[in-house]
Amino acid sequence: FKQKTAYEIGVRLVGSEMCIRDRYHREAGDVAAKLLLYEGAALHYQRALEALSRLPESPSLHREQVELLLGQVTCSLTSAPPAQTQERLAQARSLLERLQRAGQEVSRDRLQMARIDCEAGGLHTYLGQYPQAAACFDRALSIAEEFQDHSLAAKTRIMYGRKLLQEGRVARIITMLEPSLPAIERQLGGGIDVARGYSYLAMALADGGRGRAALSYLEPLQRFMDGYSESGYLKVFQLNFAPTYLSVCDFAAALRSSMQLIEGAERVNERMLGYMGWDLAAMAHCGLGDLDTALRCRQRAIELRAQWKAAFAKEWTAANHAEILLQLHRAEEACTLAAETTTSARAIGSVRTLCGAERVWGCALARLGADTTEVDAHLEESLAVAEEIGNVMEALQTEIAWAQVCLERQDRAASRVLFQKALARITEDMLPCTQDYFLPRIHSGLQRCTMEATRHVR
């Protein structure tokens, strides 16, 4: 079954019975979806729905419409406009509620409602609506466990992991997914949901300072992707690779993944992943020190987000934009953007964003000559949040930045303590590229503390 088949199977049927057309397109869509040929699958599901719309209404027809609507959502969650996905989920939910009101509900309908909640939770996650996402996942998981639907329960837990990841709750993701993913893999026998779960775990481990473990999961994921060479969708799986490389400070690898993400997103019309590719490329260029290119990539992402009216990871990428401005010595702009981002991140509960935004805010204020109490309050908050959520890499960044601020204002004792704390966070669990990125900055800072202390004594 080649990709061309999924997209171009002609409607060459004898007769004009809509039920035959529906069955044909539904089965073709299911085959394409299993091969991760999502664009073709969504097209077949749409044609099946069009065929069903010409048939007399009945409970069985409504249930089939729900199945097709769910198929559409699964195949287009990151490519369709959020409003269209919301409309499809609302339509599916309305059909099941109509059956319930008519006294025609069967037990399978409750499972379908749970699947709707699972997909709705995924949409709320992408929109940054984390409390609503959690409520949907909780309902879906409760029904999945009641019916002992291990597949749905596993998928829901993995998607819940995505929510935690986007919020930035590193320790909770690791605690939830690391011990359970092997069992989930045995239950599901592999597949795209398991691959997503391992990629979420890899990102969390990288943030948690366990880069070696994180990369050990990326290697089998790459082999999984290679097994679906005709799936354009898997090209955009780099969305889950690039942040891992960024966290372990392998910025060259992060840039390669970002460019592959951009290329893949354009190929299969995954617009949300396209603007994320440009944002991730901006972060990679920033890490490599190419700040002008980083800013151009960020501007491209902003343009695409505006066209798409997109909210996915909006606060996190804005915090990184503020970091680029800070490094370009545009402290006033960085301060303003970091302050705005901190406010919006608190409103939606994006704790990962708070780490970076509060750090940039504090550093920008220091450059603008603000009161040390105000500067330290922001840096202290950044560090406290990073430690609370288990984000070792953010804690490292903040301790080093704060130490440098203290050094600039001649507070050598405070600077030395912060550099030593950062040094203590460096472990063998980290990759050589991570150590090579942080250790020179820490050792240089400690040396400056010692030299300036000696100069002061003389």
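Cys 249 counts as buried, because its relative accessibility is 8% and the cut-off for buried is under 20%. Cys 249 is in no disulfide. The model is predicted.

**Cysteines**
- A disulfide is a covalent bond between the sulfur atoms of two cysteines.
- The count here comes to 0 disulfides.
- For Cys 136, the nearest cysteine sulfur is that of Cys 118, 9.3 Å away. A disulfide needs the two sulfur atoms within 2.5 Å, so Cys 136 is in no disulfide.
- Cys 136 is buried, because its relative accessibility is 5% and the cut-off is under 20%.
- For Cys 249, the nearest cysteine sulfur belongs to Cys 433 and is 6.7 Å away. The limit is 2.5 Å, so this pair is no disulfide either.

**Nonpolar core**
- In soluble globular proteins, nonpolar side chains tend to be buried together.
- The largest nonpolar core in this model has 148 residues.
- Leu 280 and Ile 442 have the most contacts inside that core.
- Which residues does Ile 442 contact, leaving aside neighbours within four places in sequence? They are Leu 396, Ile 400, Phe 419, Ala 422, Leu 423 and Ile 426.

**Helices H15 and H17**
- Two packed helices are described by the angle between their axes and the distance between the axes.
- Helix H15 spans residues 271-288, and helix H17 spans residues 314-327.
- Their axes come within 10 Å and cross at roughly 35°.
- The crossing of H15 past H17 is left-handed.
- H15 brings Met 276, Asp 279, Leu 280, Ala 282, Met 283 and Cys 286 to the contact.
- H17 brings Trp 316, Thr 317, Asn 320, Glu 323, Ile 324 and Gln 327.
- The contact residues of the two helices divide into 7 nonpolar, 3 polar and 2 charged.
- Leu 280 is therefore part of this helix contact as well as one of the residues with the most contacts inside the largest nonpolar core.

- Thr 85 lies in helix H5, residues 82-101.
- Is Thr 85 buried or exposed? Thr 85 counts as buried, because its relative accessibility is 0%.
- Not counting residues up to four places away in sequence, Thr 85 touches Val 73, Ser 76, Leu 77, Ala 80 and Leu 123.
- Thr 398 is found in helix H21, residues 392-408.
- Thr 398 is buried, with a relative accessible area of 0%.
- Leaving aside neighbours within four places in sequence, Thr 398 is in contact with Cys 355, Arg 359, Leu 379, Ser 382 and Leu 383.

Note on methods. Residues are numbered from 1 along each chain as its sequence is written. This is a predicted model: local features need pLDDT of at least 70, side-chain atom pairs count only at pLDDT 80 or more; totals for chains, interfaces and linings use all residues. Side-chain values use heavy atoms; hydrogens and water are left out. A nonpolar core is a set of buried Ala, Val, Leu, Ile, Met, Phe, Trp, Tyr and Cys residues joined through side-chain atoms within 4.5 Å. Buried means under 20% relative accessible area, exposed over 50%, partly exposed in between (1.4 Å probe, protein chains only). Contact means heavy atoms within 4.5 Å. Axes are lines fitted to C-alpha atoms, for helices over the stretch in contact, and angles run from 0 to 180 degrees between N-to-C directions. Helices (H or I, at least four residues) and strands (E, at least two) are DSSP runs, numbered from the N terminus. A crossing is left-handed if the near helix is turned anticlockwise from the far one by less than a right angle, and right-handed if clockwise. Ala, Val, Leu, Ile, Met, Phe, Trp, Tyr, Cys and Pro count as nonpolar, Asp, Glu, Lys and Arg as charged, and the others, Gly among them, as polar.
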